[in-house]
2 protein chains.
Amino acid sequence: MSLSLSCYRCGERYDDGTRVRCDCGEPLWVDTEPTAFSWGDCRDRGGMWRYEALLPVDRPEGVARAAGGTPLVRSPGLDDAAGARVFVKDEGENPTGAYKDRGSAVAVPHTVATGDDVVGTVSYGNMAISTAAHAASLDRECVVFVPERTSSVRLELIAQYEPTIVQVAGDYGKLYGDALDLSEHLPIDVLVSDAPTRISGYKTALFEIYESLSPAAPDVIALPVSSGGFASGVWLGIRDLERAGLIAEPPRLCLVQTATADPLTRAFEAGETDPTPLSPDETGDTIAHSIGNPDPPSGARALAAVRDTNGAVVSVTDDEIRTAQRRFAVDAGFCVEPASATTLAGVSRLADRGDIAADESVVLVPTGTGFKEMGTGEAEVTTETVRRDALRDQLESLLAP
Amino acid sequence: MSLSLSCYRCGERYDDGTRVRCDCGEPLWVDTEPTAFSWGDCRDRGGMWRYEALLPVDRPEGVARAAGGTPLVRSPGLDDAAGARVFVKDEGENPTGAYKDRGSAVAVPHTVATGDDVVGTVSYGNMAISTAAHAASLDRECVVFVPERTSSVRLELIAQYEPTIVQVAGDYGKLYGDALDLSEHLPIDVLVSDAPTRISGYKTALFEIYESLSPAAPDVIALPVSSGGFASGVWLGIRDLERAGLIAEPPRLCLVQTATADPLTRAFEAGETDPTPLSPDETGDTIAHSIGNPDPPSGARALAAVRDTNGAVVSVTDDEIRTAQRRFAVDAGFCVEPASATTLAGVSRLADRGDIAADESVVLVPTGTGFKEMGTGEAEVTTETVRRDALRDQLESLLAP
């Protein structure tokens, strides 16, 4: 299945189903024909396949049909913490608990429809889980490349779908390039974080945000950023709707990084087009495992998205992330992973410095559920213990104002 | 807010917002006026609030709006294991990862709209998590009653929303009755498993199944059964659609229990109307923590639902549950909790004994995600370890047919 690919930067076009990057070095994405698109072209069904007209594959069977269609919820309880009018787009409500399913729902079926290649991916987190699940659903072999010494907890989450798990000894950060090489020379299609078909899937999150809010539109959309793939997809969605005449002014894309690995924030603040990869001594540990990429392959494209939409990139600390994660739960009822909690922390920073006004509508996109990482049993929990026969009496005093 | 409640068994009616059980002893549910309902009356929005016309509260703000609207997916990979044509209704794609959110989305806002009562619940699992999340979203105090010695893992999942957690020393199985007493005498509304407002929320799962499959209809709907609350809600949904003239023949409700605590299977097989509570020496441990209720408060109603729809109740062993859980992941890409995997195991049993035919459409309802309980790090995982510079060579042999 050949795809019409193009480069956001130099405009070069390719007619190729497997290519990932342009000769100029930048990542490609899939062109569709959105000029003729209107909301009335949406298919009458739930989930991301409402937008089949703007996707490069036909709606597949299986778990791919369960991807997307996540709720967008006004969450006034978060307004104070954010400093703006908050909507939450809960991407945790995907089949494997993360927005990655939108990408896998397009990318994996595309690989399966194209030939006999084994499906692969480079991840030890949400993308690994999602890719393995979608490959399993289509009965296609899957190989997941993880770093050596990946925790047994992560391995268990991935292994349930029974892919082949390869622990790679050596510089895992270089595996993006290796993956493109493997895809070219072996009967495997390694679906990296910014594989063009994945990016197509991600744009459906943007479509859903606009369709849900219509006729209103968001002022700001806040995403965590790691590889830059999701930001690219959301930007592609904005461009599609702009070309279709459905967006007058784009939402400001605000991308949030963890302060321990923030090449995009650094480049944004320095006014640079291309991020400089961080060396190991420039990065540190973070609770936001899902992000923190020192050399994001779609980093320059994510920066272009931010500048094109008059947005921003901002970094937040682990303390800010912990506070924000607690606010999501306690003030809004959402269990989000630390990487997702960055969105609230980042918007709060931007509001503090006057980049977002209190009456503006901000869509926070928690990209993954917190349930995968919780329940370690290590948190301190305070409880009361009451004998059953004393319950009424003791509860009475407990409930007294 | 007064509700019109009725008893499925004796037909008695009550005009009362807080009552849970009829004078005859059976649980109540909320009457609505479905005779005038048609699919065209659905609101044009995602999630369970499409069916606001059939719900006893107006659409609330916050996380309640994110409940329901889960995907229904044809999963041919499970046909062989089930012995029928399988559809999966993935209730794990709810804000707290379980169908309980449908109930909490109605019950908690009802309590909040009715007065100043604190919200309570009796659970140390999915219902506790869900109730605490929905109370947090509406900024209402919440008290969760858990058994003594609840695991720290469970406590952590509940505690994230910061309810008051009360560990009850004594016979936890008796807490259902205590809860009704507390609700009557103290400023707390303990939303038990079959609180009438919860049951109203659950019926939206049935509406979604029918609307998704329309104009086709399922032959069988398979649910795990514990308290009988969810089965009651699905039955109420069937009755609503029957009264509206939208269902010609009801789907057969098949309820699945764990063999270590199966009072409903025993009653069903003995042809009894009311289940006999099991004594401690008649029950045992199971991996299906979320079910296994020796004295289900809506047990008789669940049995009535099964008989009314010409369905069945069946028990499955932990070994069958493990196999079914693996099949959900490996053949369909869904991560479901053990209690949810019972649906596949149960249907397989019913198909084996000829109660379900191979060409019948069966909707399995995994009621909760498996992600909350996974990642213990205890599973055995097989991996290959490969040096990065040998990746291409070694992968080549790995991929060789």
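Start with the lining of the largest cavity, which has seven nonpolar, eight polar and four charged residues. In this scheme Ala, Val, Leu, Ile, Met, Phe, Trp, Tyr, Cys and Pro count as nonpolar, Asp, Glu, Lys and Arg as charged, and the others, Gly among them, as polar. You are looking at a predicted model, where local features need pLDDT of at least 70, side-chain atom pairs count only at pLDDT 80 or more, and totals for chains, interfaces and linings use all residues. To find your way, residues are numbered from 1 along each chain as its sequence is written, and chains are lettered from A in the order in which they are written.

Now select A:Gly92, A:Gly97, A:Thr369, B:Gly92 and B:Thr369: of the 19 lining residues, these are the closest to the centre of the largest cavity. The space here is about 160 Å³. A cavity is a set of points on a 1 Å grid over the protein atoms alone where a 1.4 Å probe fits but cannot get out, and lining residues have an atom within 4 Å of a point. Grid points are joined across faces, edges and corners, and a volume is the space filled by probe spheres set on the points.

How many cavities of 30 Å³ or more are there? The count is two.

Last stop, the cysteines. There are zero disulfides over all chains, a disulfide being a pair of cysteine sulfur atoms within 2.5 Å. Select B:Cys42: the nearest cysteine sulfur, that of A:Cys42, is 18 Å away.

Note on methods
Side-chain values use heavy atoms; hydrogens and water are left out. On a 1 Å grid over the protein atoms alone, a cavity is a set of points where a 1.4 Å probe fits but cannot get out, and a pocket is an open set with protein on both sides within 12 Å along at least five of seven lines; lining residues have an atom within 4 Å of a point.
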